[in-house]
Amino acid sequence: MDELELIRRILAGDEEAKSLFYRNHQKRLYPIAVHFLGYQDPDAEDVVQETFLIALQKLKDFEPRSTLYTWMAHITINLCYERLRKRKRQLA
C-alpha cells in the first residue's frame with residue numbers, strides 16, 4: 001500500500017491502517033529520539049508516542065512533498081528540542 005492510500009484509510013477511520021502506520025514508522029523514529037535525548041532516556045519513547053498523536057491529528061494537512069517518515073522525523077526532532085529546552089529551564 002502506498003503512503004497516500006494509507007493516509008486515506010487512516011482518515012477514513014481504518015484501525016488496521018493506523019496499526020500499520022505505527023509499525024512502519026515507530027522503529028525508525030525511536031533512534032532519532034535516542035540520538036537527541038540520550039540512550040535509555042525514558043522520554044525517548046514518550047516523544048515517539050507524542051509524535052504519533054500529533055501526526056494523527058494533523059494528517060489531514062499533510063502535503064506529500066516529502067515522505068510521511070520525513071514529516072514525522074521533523075515532528076520527533078521538534079519534540080526532542082522542546083524536551084531539551086524544558087530540561088534546561090528546570091535546571092536554571
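This is a predicted model: local features need pLDDT of at least 70, side-chain atom pairs count only at pLDDT 80 or more; totals for chains, interfaces and linings use all residues.
Residues are numbered from 1 along each chain as its sequence is written. Local features need pLDDT of at least 70 and side-chain atom pairs pLDDT 80 or more, while totals for chains, interfaces and linings use all residues, and side-chain values use heavy atoms without hydrogens and water.

Reader: Are α3 and α4 parallel, antiparallel, perpendicular or oblique to each other?
Author: Happy to start there! Helices here are DSSP runs (H or I, at least four residues), numbered from the N terminus. The axes, lines fitted to C-alpha atoms over the stretch in contact, with angles from 0 to 180 degrees between N-to-C directions, come within 9 Å and cross at roughly 130 degrees for α3 (residues 42-58) and α4 (residues 68-91). Angles under 35 degrees count as roughly parallel, over 145 as roughly antiparallel, 65 to 115 as roughly perpendicular and the rest as oblique, so α3 and α4 are oblique.

Reader: How many nonpolar, polar and charged residues does the contact of α3 with α4 have?
Author: Contact means heavy atoms within 4.5 Å. Among the residues making it are V47, F52 and I54 of α3 and W71, L79 and R83 of α4. With Ala, Val, Leu, Ile, Met, Phe, Trp, Tyr, Cys and Pro counted as nonpolar, Asp, Glu, Lys and Arg as charged, and the others, Gly among them, as polar, the contact has 9 nonpolar, 2 polar and 6 charged residues.

Reader: How far apart in sequence are the parts that the pair of F21 and F52 ties together?
Author: Rings of Phe, Tyr and Trp (its six-membered ring) pair if their centres lie within 6.5 Å; planes under 30 degrees apart are stacked, over 60 edge-to-face and the rest tilted. F21 and F52 are edge-to-face, at 5.5 Å centre to centre and 85 degrees between the planes. F21 lies in helix α2 (residues 15-37) and F52 in helix α3, so the parts tied together are 31 residues apart.

Reader: Is F36, which pairs with Y81, buried, partly exposed or exposed?
Author: F36 and Y81 are edge-to-face, 5.2 Å centre to centre with 75 degrees between the planes. Buried means under 20% relative accessible area, exposed over 50%, partly exposed in between (1.4 Å probe, protein chains only). At 23%, F36 is partly exposed.

Reader: Where is Q40, with its positive phi, placed?
Author: Most residues other than glycine have a negative phi. Q40 is not a glycine, yet its phi is about 65 degrees. Q40 counts as exposed at 63% relative accessibility, and its place is in the loop between α2 and α3.

Technical notes
Helices (H or I, at least four residues) and strands (E, at least two) are DSSP runs, numbered from the N terminus.
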